[in-house]
Amino acid sequence: MRVLPVGPHAALVEVSSPQDAVGLAEWARGLGLAREVVPGAETVLFDGLADGAAGTEPLARALSGWRPTRAGPGRRVEIPVSYDGPDLAAVAAAWGCAADEVAARHQGTDFVAAFCGFAPGFAYLSGLAGSVPRLATPRTRVPAGAVALAGPWCGIYPRASPGGWQVIGQTDARLWDVTLAEPALLAPGTRVRFVAR
Amino acid sequence: MSLTVLAVGASVLVQDRGRAGWAHLGVPRAGALDAPAAGLANRLVGNGEDAACLEVLLGGLAMHTDRGRWCAVTGAVAGVRVDGRPQEFAAAVWWPAGTTLEVGTPGAGLRSYVAVAGGVAVDPVLGSRSTDTLAWVGPPPVTVGDVLPVGVAAGPPAALDTPRTPSAGPLRLAPGPRADRVDGDAVALLCGTSYTVSPDSDRIGLRLDGAPLPLARTDELPSEGMVLGAVQVPPDGRPVVFLADHPTTGGYPVVAVVDEADLWQCAQLRPGEPVRFTRSSTGRPTG
């Protein structure tokens with residue numbers, strides 16, 4: 001676990017996997033070390049370090065009690081999908097299988113929301129076995145609810161936006177609602193399964 | 001009481017100090033881009049630090065008030081008129097009921113701040129009244145015909161306050177977490193390069209034109225959390241200073257961080273204007 005300074009008020013902690021990033025962020029969130037605890041793909045950012053915690057050594061000391069563990073009994077969400085995306089055939093070609101098999105593999109995967117970004121409620125879901133290239137030319141508009149793959153990640157567009165991920169299906173799950181106490185359906189740590197509808 | 005918006009220029013946004021604590025869900029902090037100017041406007045009219053004011057890009061705002069209130073305009077220096085009569089800038093000004101306040105186009109800088117005693121009282125979203133132009137969380141941009149509610153005035157206007165000198169200095173830099181992705185000393189290279197503000201700059205980032213930074217590595221970096229003031233270098237080598245509406249995670253290396261105390265300048269730099277960096281002497285040692 002390496003701790004890198006990010007200017008005078010923040011530090012980035014490197015871990016070895018998205019699962020560890022989620023785990024460390026969840027573990028550290030309650031400690032009051034920083035204003036923002038932001039998991040990334042293989043890092044956790046501590047931004048707005050509390051007085052006394054500024055500097056990498058005190059933070060490293062505070063985090064030294066953490067041990068990577070398997071994801072705890074995080075919230076589980078089931079997301080209904082119609083597997084009719086425009087890039088199903090391209091993903092099938094990348095994986096060397098039939099389009100039906102893409103949907104089957106996707107439904108058979110235990111995903112975990114690793115981190116958010118790109119848009120509120122957009123979660124990078126880890127767990128995909130295999131990788132998918134991004135589109136050479138991003139689409140100018142991907143509809144809200146598009147279920148898409150890129151690299152080792154799966155994501156769902158919370159609202160229409162430009163995007164370069166390969167769209168395999170569509171859901172009407174509500175991913176972002178600021179009127180709720182928990183506005184993001186897929187906050188980091190959430191376990192996700194997809195089911196065909 | 002309420003304000004009726006009669007005219008807006010390039011952009012008018014409701015802004016307060018922003019929303020903290022939601023970055024892990026992909027929600028930027030937002031908030032007034034020139035935070036010291038917004039804070040001064042609020043103090044002048046007796047508002048608390050959390051009050052919301054209006055961030056006016058390049059002037060052009062006209063509003064009618066149905067009640068008399070103290071108001072103040074700060075930030076980029078612009079003409080202030082009430083029913084056509086010139087008013088003092090960066091001072092508490094009495095805005096009588098039934099009159100129109102106008103904010104003209106600044107001769108230098110970009111963003112002026114209009115505070116009204118009581119604050120703009122639109123409904124907060126996730127604890128803040130700020131409009132975020134990346135995530136579009138918070139109230140929509142202010143448009144002609146809007147009726148903006150105003151809260152209860154908290155205290156008397158504070159007449160004595162000193163606006164900062166408008167002269168901009170170099171932006172102080174501390175090393176970022178991925179400084180090693182630059183071929184050489186990232187801070188020294190940034191300090192030694194002449195940049196100008198790109199016209200693509202906005203509340204998300206100050207984009208810089210100039211000699212590209214030499215990158216030592218161009219392989220992909222896994223996405224990681226980003227701070228306000230992060231200097232990110234995309235593959236084309238032209239740095240971006242991330243401002244209030246920046247994405248909360250990103251995949252390009254952050255090689256330096258601008259001192260938060262200098263970020264107000266980024267709110268006021270016009271496209272084509274020069275930007276200089278200097279090494280921060282206040283940053284703690286690394287390691």
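Predicted model: local features only at pLDDT ≥ 70, side-chain atom pairs only at ≥ 80, totals over all residues.
Conventions. I number residues from 1 along each chain as written, with chains lettered from A in the order of writing. Local features need pLDDT of at least 70 and side-chain atom pairs pLDDT 80 or more, totals for chains, interfaces and linings use all residues, and side-chain values use heavy atoms without hydrogens or water.

Interface. I looked up the contact (heavy atoms within 4.5 Å) and found 41 residues from chain A and 34 residues from chain B. The buried area (accessible area, 1.4 Å probe, lost on putting two parts together, summed over both) is about 2,800 Å², with 59% from carbon and sulfur atoms.

Salt bridges. I counted two between chain A and chain B, taking a side-chain nitrogen of Lys or Arg within 4 Å of a carboxyl oxygen of Asp or Glu. B:Arg29 pairs with A:Asp47 in a salt bridge, with 3.7 Å between the closest N and O atoms.

Cores. I then turned to nonpolar cores, sets of buried Ala, Val, Leu, Ile, Met, Phe, Trp, Tyr and Cys residues joined through side-chain atoms within 4.5 Å; buried is under 20% relative accessible area (1.4 Å probe, protein chains only). The largest has 40 residues, and B:Leu190, B:Leu206, B:Val241, B:Val275 and B:Phe277 touch the most other members. Helix H1 of chain B (35–44) gives the most to this core, five residues; helices here are DSSP runs (H or I) of at least four residues. Leaving out residues up to four places away in sequence, I list among the contacts of B:Phe277 B:Pro170, B:Tyr195 and B:Val258. Another core, of 26 residues, lies apart and includes A:Phe111 and A:Leu149.

How values were computed
Buried < 20%, exposed > 50% of the residue type's maximum accessible area, 1.4 Å probe, protein only. Helix = DSSP H or I, 4+ residues; strand = E, 2+ residues; numbered from the N terminus.
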